[in-house]
Each structure stands twice: as structure tokens, then as C-alpha cells.
Amino acid sequence: MENTKRKDVIVVAFDDTAESMVALEHVLNFSAKKPFNKIVIALIQSPEQGSVACEEEVLTQKAKELCISKSVKDMPHFEVVNGDTMTVLCEIAKKHRARVLAVGGHYGGLAAGSGDLEGVALVNAAPCNVMIIPRNKYQSH
């Protein structure tokens, strides 16, 4: 019989916003107390940017620098995603059989109860729990 128990995997949505940086920082702080088996950082590229390769490099470097500053022992797995953000985040969470999908507060005033439709749609579509991290609450600056 195949072991179908999910491992503790968390997917963190990361783009070039302050909210994403706060979300990643929160996950890394939490993971120091209760480590996940695997952290996957989904690098979300914006279609408006000129050079996709350049943006990927910049996003990867920012995320790695934060991981290093938090003394992360096992560097997270980085995966570049393109397309509709909600769809690709759900796909990557499903692919890695994630327990949690963490996103920055720009996905929802949902955490504050504003009923943000994008946040609600993500929560409803995700194959796992969704953690929307509001910037103001966990911001370390």
C-alpha cells in the first residue's frame, strides 16, 4: 500500500513586491520553529517586464539573500512560474503536494475581511490551505 500521507511542504508565492518579501520572511521565521520538509518558492514573473531571464535572476537573488539572512540551512527549491497567477500557484501547490500555499497580503484584504475577490478565488481553488500574510501585521521594518 502506497503511503499517501502528505509531507510538510509549503509553497511561497514570490514576486517583486514588498508583500511577497514579508510573506517569505514570515514563512522562514515560522519554519525556523517548525521546519517544513520542503519549502518551494514560486517565482512569479510579471508579463509587463522586458527581460524574463533578467527578472528571474533578480527574483532568485532577492529570495536567496533573505534565506541567507535568516540562516536557512536547506536552501528552498526555486521554481519559475508564468501565466495566470492563481492557476500557476494552484498547479505548483498540487505538483508538490503542499500542505500550505503562502501569499502576500496583496492577495487579499481577505485577511482583513474586505472580501477581496482574487483572494477568495485563490482560497477556493487551492488544493491545500492558503495562508494570506498581511504586510502590516508581520512587517519587520
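Residues 24 or more positions apart account for 72% of the contacts in the chain with a separation of 6 or more, where contact means heavy atoms within 4.5 Å. The model is a predicted one, in which local features need pLDDT of at least 70 and side-chain atom pairs count only at pLDDT 80 or more, while totals for chains, interfaces and linings use all residues. Residues are numbered from 1 along each chain as its sequence is written, and side-chain values use heavy atoms, with hydrogens and water left out.

The value called pLDDT is the predictor's confidence in each residue, on a scale from 0 to 100. Its mean over the chain is 78, and 75% of the residues reach 70 or more.

The chain has five helices and five strands; both kinds of element are DSSP runs numbered from the N terminus, with helices being H or I over at least four residues and strands being E over at least two. Read along the sequence, these elements follow the pattern β-α-β-α-β-α-β-α-β-α.

In what order do the strands of the open sheet stand? The five strands are arranged as β3-β2-β1-β4-β5, and their pairing is parallel, two strands being counted as paired if DSSP finds at least two bridges between them. At the edges stand β3 (77–81) and β5 (129–133), each with a single partner strand, so one side of each is left without a neighbour in the sheet. Neighbouring strands of this sheet are turned against each other by 25 degrees on average, direction ignored; here axes are lines fitted to C-alpha atoms, for helices over the stretch in contact, and angles run from 0 to 180 degrees between N-to-C directions.

Helix α1 (residues 18–33) packs on the sheet, where it touches β1 (9–14), β2 (38–44), β4 and β5, and its direction makes about 160 degrees with that of β1. Helix α3 (residues 85–95) also packs on the sheet, touching β1, β2, β3 and β4, and its direction makes about 160 degrees with that of β2.

The pairing can now be followed strand by strand. Strands β1 and β2 pair in the parallel sense over six bridges, and in β2 the bridge partner of Ala-13 is Ala-42. Together with helix α1, these two strands make a right-handed β-α-β unit, a crossover being right-handed if, with the strands pointing away from the viewer, the path from the first strand over the helix to the second runs clockwise. Three bridges join β1 to β4, which run parallel; Ile-10 has Val-100 as its bridge partner in β4, and Val-12 stands opposite Ala-102. Strand β4 (residues 100–104) pairs in turn with β5 in the parallel sense over five bridges, with Met-131 of β5 as the bridge partner of Ala-102 and Gly-104 standing opposite Ile-133.

Of the 141 residues of the chain, 40% count as buried, which is to say under 20% relative accessible area, with exposed meaning over 50% and partly exposed in between (1.4 Å probe, protein chains only).

In soluble globular proteins, nonpolar side chains tend to be buried together. A nonpolar core is a set of buried Ala, Val, Leu, Ile, Met, Phe, Trp, Tyr and Cys residues joined through side-chain atoms within 4.5 Å. The largest one here has 20 residues, and those with the most contacts inside it are Ile-10, Phe-14, Leu-24, Ile-39 and Ile-41. At least two residues of this core come from each of β1, α1, β2, α2 (52–69) and β4, and α1 gives the most, with five residues. Apart from this core lies another, of 19 residues, among them Val-9, Ala-42, Val-103 and Ile-132.

Leaving aside neighbours within four places in sequence, Ile-39 is in contact with Ile-10, Val-12, Leu-28, Ser-31, Pro-76 and His-77. Ser-31 is found in helix α1 and, at 11% relative accessibility, counts as buried.
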